[in-house]
Every structure is written in C-alpha cells, then in structure tokens.
Amino acid sequence: MDYLDYVQMTKGQRIAYKIKSFFRGIPGAVGNFFRLIGLFIKKFFMWIGNGFKGYGSRFAKGDIGTKLSYIIMGAGSMFHRQIAKGLIFLATEIAYIYFMFSFGVGYISKLYCMNVKTTATVDGQPIDVFVDGCIGQEALQKVEDDWGTQTIVNPDTYDDSNRILLFAVLSLIITVAFFAVYIANTKSAYATQMTLKEGKKPLNFIAEMKTFLDERFHITLLTLPVLLLCTFTILPIIFTIFMAFTNYNEKHLPPGRFYWWVGFSNFADVFYSNPQKSETFGRILVWTLIWAFFATFSNYIFGIILALLINKKGIKFKGFWRTMFVITAAVPQFVTLLIMRLLLDKDNGLNAMFGTHYPFLDDGMWAKVMIIIVNMWVGIPYTMLISSGLLMNIPEDLYESARIDGANAVQQFTKITFPYIFFVTTPYLITTFVGNINNFNVIYLLTGGGPSATNYYAAGETDLLVTWLYKLTKDSKDYNLSAVIGIIVFIICALGSLITFNMSKASKNEEEFS
Amino acid sequence: MTNTTQGSTMKEGYAARKKAVNVAVYIILSVMVLIWIFPIVWLILRSFEGEKGMSSSHFLPQKWTFGNYIKLFNNEDFMFGQWFLNTLIVAIFTCIISTLFILMVSYAFSRLRFKSRKTFLNIGLILGMFPGFMSMAATYNIMEILGLGKSLVALVIVYSAGAGLGYQVAKGFFDTIPRSLDEAAKIDGATRNQIFWIIILPLSKPIIVYTALTTFIGPWTDYIFVDYFMKDNQETYTVALGLYKMIEKEFVTEYFTTFCAGAVVIAIPITILFVIMQRFYVAGVTGGAVKG
C-alpha cells in the first residue's frame, strides 16, 4: 500500500483503513514494548557484567594501596596520601559495620520468618507457644484457629512485625547505598594510582571538594532530594510491596499481634480464589476503565470545542469568557466537589429548589452518569485553558493557504486544528488517562464510592480501584489487600503509558527507554 | 454591473450567516457560563444565608447575614482558625522545601550531563506511576516510629519529600534556556554552581513563581493524607479535612451555612493565586510533557 493507493480511496475507505492500521499496530506496539523490556534487561545485565569486569581488572592492576582498599575502605586513598578522603571512606565503613552488627543484621535475619521471640498467652491463661522462627508461625496460626484470634502481647517487650519489616528494608537500602560508596572507593583508589603513575599530582582534598560545585555539582544538587525520596517514598513503596505478600490485616495488627508471609495468596484472593473479593475487583476494574475513558475524552473534546468557541474570530469579550471559566477551575477542587455533592443531594440543593427527589447520587447508574458529568464541569475549563494556548500557536498561514484552496470551517478544523492539537497533546492525553485511573478526589468527595453495594467487599458501586485501595487501608484495615490493589494499579498505569508512548510519535527513538 | 450586485448579495448573505453563527456562539457561551458559575454563586449566596439547614428551596438567602463568617471562627465544635493557621504553616514550609528541591533536581537533569542521568530519569518515571497514597500506611508507620505521628511536621515531610519527582515542568522550562549562555559563562571561568545561581535562576522567575504557587496551594487542597494521618486529632487538621468534617451527617444541618462561609474564605485566595499563575500553567503542562 503506497501513497497513491491511499489517495485514490474514498473517504469511507480511508477511515476504515486508518482504523484497521491502528488495530494492526497494536500487536506491533505490544511486541515492541516487550522487545524494549528485553533490551532493558540485557542492558542491565551487561551493566552488571561490566561492573564486575572493571571491579576485577582494577584489583588485578592495582598497587598495594588499591588492593588494600578492597578490604579496608580508604586504604588506597591514604596510601596515595589523600588522608582526609581516606579517613572519610574508613569512617563510612566502620559506621556501616557498626550499624549492621548492632541493628541491621538482627532485623534482616528476622525477615525470612518475620519471627518474634515471645511466649503467647490466651485469655489470661499462659499457653506455651514459643514464637520463634517459622515454627512459631505455625503455632500462632494454630492459636488463631483454636481461639479465633491471636492473643495480644505487650508491645514494649516484644518485637512488632511492622518494625521488623521496616527496619529490614531500611537496612537493605542502606546496604545498597554502602555498596555504591564501596565501589566509588575502589574506583577512586585506582584513579589516583593512575594519576600518580602518569607523574601528575592528584587533587588535594580542598580541590576535590571544590569539584562538588562544578564537575560533580549534580551530586551536590541531587543528594538531599534523593535521600528524602529514599526514606519517605521508596522505602514505603518497597514496604508496601512486601505487605502484599503478608497477612497484615485487621486480625494481625501490630503492635500486639503478628503478621507473616503468606506468598501469593492475596493475589489469588483478588483474582479467583475468594469469590467476593474477586467479583468486587472485576467490577471495580471495569468501572475504573470505563470511567477513565469517558472522563478523559469527554473533557478533552468539549474542552477543545469550548476553546474554539471562545477563540472564534468575531467573538467579543474573549477575556471575559475565559476568566469566567478560569475562575471555576481555580476554586479548589475539594470545595467545588463538596458543593456539587450538596447540590445533587436527594432532598436538598437542586432537588429542593425544584421540589423533586431525583436520586442523583443515590442510585448506581445515576451516580455513575452524574460523576462523569460533574467531572466535565470540573475538567473542561482546564482543557480549555491548555488548548487555548495551543490554538494561538497554530501558524496563521496554514489557515490562510487552506482558505485559498477553498477549505470551509469544518474542513479547517478536521484537517488543521484537530491534527495539530492532537499531535501536541498526545502525551497530555496519556497523562490525563493515567491521572483519571488514579482520580481519587472526584469519586471520593462526590459519592464516597457510594451507593453501597452489599455484595461488594468493602466498596460501593462507584468506587474506583484507588478509592477502594483507600477504603481498604483506612476503614477495613486490609493492608495486604490494599497493597495488592496498589501493585495492580501501578501495573495498569505502567503498561498503559508505556504502550501508548511507544505508539505515539513523541518517542519513536529507543534512547528514551535505555 | 450584474457582477457587482451578485457579489454584494453574496457578501451580504455571507455576512448574515456569519452574524447568525456568532449569535449562536454567544448564546451557547452564555448558557455555559451560567451553568459553570451557578454552583459558585449558590455557594456564595448560601454563605450569607441566615436560616439554618440546607433544604432551602430558595436561590437567594431568606435572611441576609454575615453571622456565618463569625460563627466559622467562633463555635464550640470546630476550630477553623486553628486549621487555617495549621494549613498556612504547612503550606509555607512545603513551599520553601519543595521549590528548592524541584529547582535543584530539574537543573541537574536539564543542564548537567552525568553518567546515571538516564537511569535516574527512568526511575523517576516509574516511581511516578505508583498511586500516590498507595504506601501511606507504610509512611504513617515510619512517622510513628520517628515519633511524628499526627503532627504537622509529618505532613510537611510527606508533601515535600517526594517533591524531587515533580521536576518535569521546571525541567521543560530550563531546557528552553539557550545552552550558549552556560558555555559563555564556562569560558569565563564560572563553575556550574555559579551558573545555577547567577545565570539560570534570575532567568527563571516565571517557573519559580509557578513552582512556588503550586507547592503552596497543594496543602490547602489535599484531603487524603491529612485524613489518614490525623485520624481524630482535630487540633492538627488542615482546612480541607476540617471542611469535609463539617458536612458529615451529624453536623450538616447545624453547620451547612458555616461550611459555605469556610469554603468561600479558602477559595478566594487560592482562586486569586491560580489566576496569577494560569499563564505559566499552560506553558508548563504542554511544554514539559512534550519533552518528557
């Protein structure tokens, strides 16, 4: 199929062809996606392999100082007369070893069984349950089966599962960081050795510190943000992912009670083995996707139309119209959503004004439609704002030549305006779609996930995956289940955006992913 | 002769049609503005309503009063003044820390070239795909262990610790500043540190304003984290959570009009800030997104 064939087609054929080629492109995009993942994995292992190779060859070629620095950090630097630097490396090693032996190793060793050293008592009667190692878990499980629940232990005298998991993960992160410093130490020792060999003088300490303001300025800039990110974003995320494989729920709340590893059983629950949970998940997933689709495209299309109307030639008071809509976008979302919730109440607001009793938010179907409509009310001004800016950027001569060729307003829109905006906003569209899958505010503040559905597990009819996740965490304390949902949402978002990015022209080159 | 008359009638017909189209557009726009403005006007009018309860069937207040605004700061169930102060404190600290972080990270990713740059960018992309509050239970556990549970410090940390990930918009802006400026400064012997402070930052006022405003507004509108972190500790609520509590079932009849007054009080400054930064907003969303 070449260009000539395409030009000779009728309009209907062209549309059919475009649709066909879109769907034909999907397998390719998916394939490409997996190819990229493969490429990424290959690169990763090559990176590790090269790391080891460099590590070995540096050792082989190194002098005594460099070789020594493989065991005693900083030895190389001190051997090469960079005393201050050597002392810093040495101090790091000592601090790390001290930390691991006094703290880290203990928690990491407990990680495997999440074990707790204690004697459990039930209803005040001491029962000899030695909770130590994985055997202890069986004992705990037995106590639970016999008595309905675990006994509460004094949190001050016994370890709690949260601490074990959290500190173990923390120790692992610190170990990774330490390993990076360790490698930097061997590299630095070897580099200095090479400089000396060439007969040059290595940088003294002060000069080296100054590179942190110039050649190595990125380290200075990134250290603090990355450190905080590790502690308060990455650590919790890893912790949460681990949580998905435990039985951390209302029955096993630390401090006082213990939780332990249960493998993939939470995932099995969500997908098939627990009928109530899996049905809830299936329905909520379908609604989440429907919602994300309608919310994204309704806002997008009507936002652009609104922008076109306001920017139409011959329309006066453009500033006025725009300001009116911008004001509604500017009012904080939680305020507007709560107003809407009150306005759409069954007995108050609009219903009271007209003396009616429409169940706007109290009936599943009504609520779903209303949510999408209210979301349009919330979102259209934003899209209008963004596409207004873009409309002004379209080169005027494009329209000029189109007019000379006799194109009417509709043709100008379909041939120039829309393709242009669509091209520029594809990434925006993707982020909006992903954002809508994660859209917590509109649903939670408007309906709270309601109306309640009795056959759902801790969810209502309009709940999205994320609001379900929130309720599972906050209300029913099913931390393990909420972690599973979080992981699933992550996978959906990641797959969605990677595949679409892949298909859009915005990132055709592979470099973006390598 | 005939030609010109024909031409002018054609022109007249064209003009008439154009006028009709414009009138139609005006009508559509007016109706839309009415729909969009209605809830906000309703909110403002309710905040001046003297009658209690929310089942009023009138659009205009039955009895005009300013009492709701007084009651907002002076009642026995809610401490709106305290919440306002809490939010202001959290917002100021979040704004300062986050803006600094975002500028630092975006400058590093935009202007500096180092070995692990791509890796960092990809990790940032992946981290951004986790639902923001997925790990809030874990974060809360960490805060408890640090002794910061139910405190405002915890909120500041939560809002600003992840700020490094919000670099896209500012990076997109930095990318548009010509590199030749850096090169020239480098030749003159400036370090990258000096380039950042002396050359890039003064040129980046719009993006600094934008970043500062968005990070400042964030705490005023977040509901999720406050709700989970503060539980029932009213003294450390922020306005968003507090207002939400006001319209819960047991309070809504008594406090509905007070809620409206509170919503107006919060909405006015934020609306003004948003209108100020709207021009940066557009450039940020589209410019940053395209470059990725």
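## Domains, interface and confidence in a two-chain model

Between domain 1 of chain A and domain 2 of chain A, four residue pairs are in polar contact, with both residues at pLDDT 80 or more. A polar contact is a pair of N or O atoms within 3.5 Å; within protein, one atom must be able to donate a hydrogen and the other to accept it, and residues adjacent in sequence count only if both atoms are side-chain atoms. The pLDDT is the predictor's confidence in each residue, from 0 to 100. The model is a predicted one, in which local features need pLDDT of at least 70 and side-chain atom pairs count only at pLDDT 80 or more, while totals for chains, interfaces and linings use all residues. Residues are numbered from 1 along each chain as its sequence is written, chains are lettered from A and ligands numbered from 1 in the order in which they are written, and side-chain values use heavy atoms, with hydrogens and water left out.

Chain A is divided into domain 1 (3-61), domain 2 (66-263) and domain 3 (273-513), with bounds that come from an automatic or database domain assignment. Five residues of domain 1 of chain A are in contact with nine residues of domain 2 of chain A, where contact means heavy atoms within 4.5 Å. Together these two domains of chain A bury about 760 Å², with 59% of that area on carbon and sulfur atoms. Buried area here is the accessible area (1.4 Å probe) that two parts lose on being put together, summed over both. Tyr55(A), Arg58(A) and Phe59(A) supply 81% of the area that domain 1 of chain A buries against domain 2 of chain A, more than any other three residues. The side of domain 1 of chain A that touches domain 2 of chain A has three nonpolar residues, no polar ones and two charged ones. In this classification, Ala, Val, Leu, Ile, Met, Phe, Trp, Tyr, Cys and Pro count as nonpolar, Asp, Glu, Lys and Arg as charged, and the others, Gly among them, as polar. The number of salt bridges between domain 1 of chain A and domain 2 of chain A is zero; a salt bridge is a side-chain nitrogen of Lys or Arg within 4 Å of a carboxyl oxygen of Asp or Glu.

Chain B has its own pair of domains. The assignment gives domain 1 (2-67) and domain 2 (71-291) of chain B, and their centres, taken over C-alpha atoms, are separated by 36 Å. Eleven residues of domain 1 of chain B are in contact with ten residues of domain 2 of chain B. These two domains of chain B bury about 910 Å² between them, 73% of it on carbon and sulfur atoms. Zero salt bridges are counted between domain 1 of chain B and domain 2 of chain B, and one residue pair is in polar contact there, with both residues at pLDDT 80 or more.

Between the chains, 85 residues of chain B are in contact with 94 residues of chain A. The two chains bury about 8,400 Å² between them, and 80% of this lies on carbon and sulfur atoms. On the side of chain B, Trp36(B), Met129(B) and Met134(B) lose the most area to chain A, together 9% of what that side buries. Ten residue pairs are in polar contact across the interface of chain B and chain A, both residues being at pLDDT 80 or more. Helix 1 (residues 2-46) of chain B gives the largest share of the side of chain B that touches chain A, with 17 residues. Helices (H or I, at least four residues) are DSSP runs, numbered from the N terminus. By class, the side of chain B that touches chain A has 65 nonpolar, 16 polar and four charged residues.

Salt bridges complete this picture. Side chains of opposite charge can pair when their charged atoms come close. Over all chains, 15 salt bridges are found, and two are counted between chain B and chain A. Asp214(A) forms a salt bridge with Arg192(B), with the closest N and O atoms 2.8 Å apart. Within chain A, Glu279(A) forms a salt bridge with Arg283(A), the closest N and O atoms being 3.1 Å apart. Glu279(A) and Arg283(A) are separated by about one helical turn because they are four residues apart in helix 11 (residues 275-311) of chain A.

Finally, confidence. The predictor gives the complex an ipTM of 0.85 and a pTM of 0.83. Mean pLDDT is 84 for chain B, with 90% of its residues at 70 or more, and 81 for chain A, with 85% of its residues at 70 or more. Over residues 505-514 of chain A, pLDDT stays under 50. Where pLDDT is low, the predicted coordinates should not be read in detail.

Note on methods: Helices (H or I, at least four residues) and strands (E, at least two) are DSSP runs, numbered from the N terminus.
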